[in-house]
Amino acid sequence: MSSLIHPTAIIAPGARIADDVQVGPYSIIGENVVIGSGTVVGPHCVIDGHTTIGANNNFYRFCSIGGMPQDKKYAGEPTRLEIGDGNTVREYVTINTGTAQDVGVTRLGDDNWIMAYVHIAHDCQIGHHTVIANGVQLAGHIHIGDWAILGGLTAIHQFVRVGAHAMVGGTSSIRQDIPPYLIGAGDPFRPVGINSEGLSRRGFTPEAISALKESYKLLYRRNLNVEQAIEQMRQLQQAQPQASDAIQLMVDFLASSTRGIVRS
């Protein structure tokens with residue numbers, strides 16, 4: 001056994017683990033697990049199911065990764081969990097595999113910061129560079145866009161989507177889709193504007209941020225329905241082509257929403 005694997009750890013014969021993976025005391029790695037180079041598995045973790053983990057991830061103590069979905073319809077299908085590179089997963093995080101009723105795979109992208117006691121349920125699709133704070137509870141089938149930030153103890157209803165660059169304040173309750181770029185909080189969640197500071201830090205130009213503020217006003221301050229707001233955003237794209245791509249992300253999100261969006 002590798003010197004990087006503690007002698008009390010249990011590694012199933014079929015597990016495929018890169019030579020430099022570290023596995024702490026009393027952790028258990030299942031038969032159908034693949035773990036990439038540079039990943040660290042702390043003590044007392046369980047990683048099982050059909051789970052593929054990329055490079056340079058760090059799982060702190062007592063994580064439960066790749067467990068079967070908490071769905072009564074689950075009948076033992078070989079559904080999967082896929083985790084990318086460079087993620088930090090803190091204590092007592094649970095991430096379940098997918099279900100046959102959806103795409104069959106739960107996904108966590110790259111460079112995500114998942115704090116203690118977070119639950120990521122079956123079929124969730126988490127993008128890249130997100131921050132999911134302590135105690136956040138994600139029901140099944142939720143989609144979280146790149147760079148989104150979810151405040152501590154937030155609970156999100158199944159099938160909800162949170163758009164890229166959105167920022168959710170702590171203890172929020174979310175039952176409908178949150179469009180990209182929004183900031184807000186509450187039970188129920190109420191948007192209050194655009195996440196301007198976060199966008200500036202990520203290199204959005206002042207012109208793009210200004211156009212997104214106007215897009216927000218079209219959606220929430222001009223007494224327009226969603227379809228009318230989308231049409232006005234398309235006109236804004238023509239008037240401000242330098243912000244067209246940023247606006248298009250919101251247009252596409254709104255056009256594909258099935259649960260409806262949060263209201264102010």
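Reader: Is Arg201 buried or exposed?
Author: Happy to start there, and do keep in mind that this is a predicted model. The cut-off for calling a residue exposed is over 50% relative accessible area. Arg201 has a relative accessible area of 69%, so Arg201 is exposed.

Reader: Which side chain meets Arg201 in a salt bridge?
Author: Side chains of opposite charge can pair when their charged atoms come close. In helix H1 (residues 196-201), Arg201 has a residue four positions away, about one turn of the helix. The N to O distance in this pair is 3.2 Å, and the partner is Glu197.

Reader: How many residues apart in sequence are the parts tied together by Asp177 and Arg161?
Author: Good one! Asp177 and Arg161 form a salt bridge, with their closest N and O atoms 3.6 Å apart. Asp177 lies in the loop between strand S25 (173-174) and strand S26 (182-185), while Arg161 lies in strand S23 (residues 161-162), so the pair ties together parts separated in sequence by 16 residues.

Reader: Are Asp177 and Arg161 buried or exposed?
Author: Buried means under 20% relative accessible area. Asp177 has 1% relative accessibility, so Asp177 falls below that cut-off. Arg161 has a relative accessible area of 19%. Asp177 and Arg161 are therefore both buried.

Reader: What is the distance between the closest N and O atoms of Glu214 and Arg222?
Author: Glu214 is partly exposed at 25% relative accessible area, and Arg222 is partly exposed at 40%. These two residues form a salt bridge, and their closest N and O atoms are separated by 3.3 Å.

Reader: How many salt bridges does the structure hold?
Author: Beyond the pairs above, Arg61, Arg90 and Glu91 are linked in a network of salt bridges. For the structure, the count of salt bridges is nine.

How values were computed:
Residues are numbered from 1 along each chain as its sequence is written. This is a predicted model: local features need pLDDT of at least 70, side-chain atom pairs count only at pLDDT 80 or more; totals for chains, interfaces and linings use all residues. Side-chain values use heavy atoms; hydrogens and water are left out. A salt bridge is a side-chain nitrogen of Lys or Arg within 4 Å of a carboxyl oxygen of Asp or Glu. Helices (H or I, at least four residues) and strands (E, at least two) are DSSP runs, numbered from the N terminus. Buried means under 20% relative accessible area, exposed over 50%, partly exposed in between (1.4 Å probe, protein chains only).
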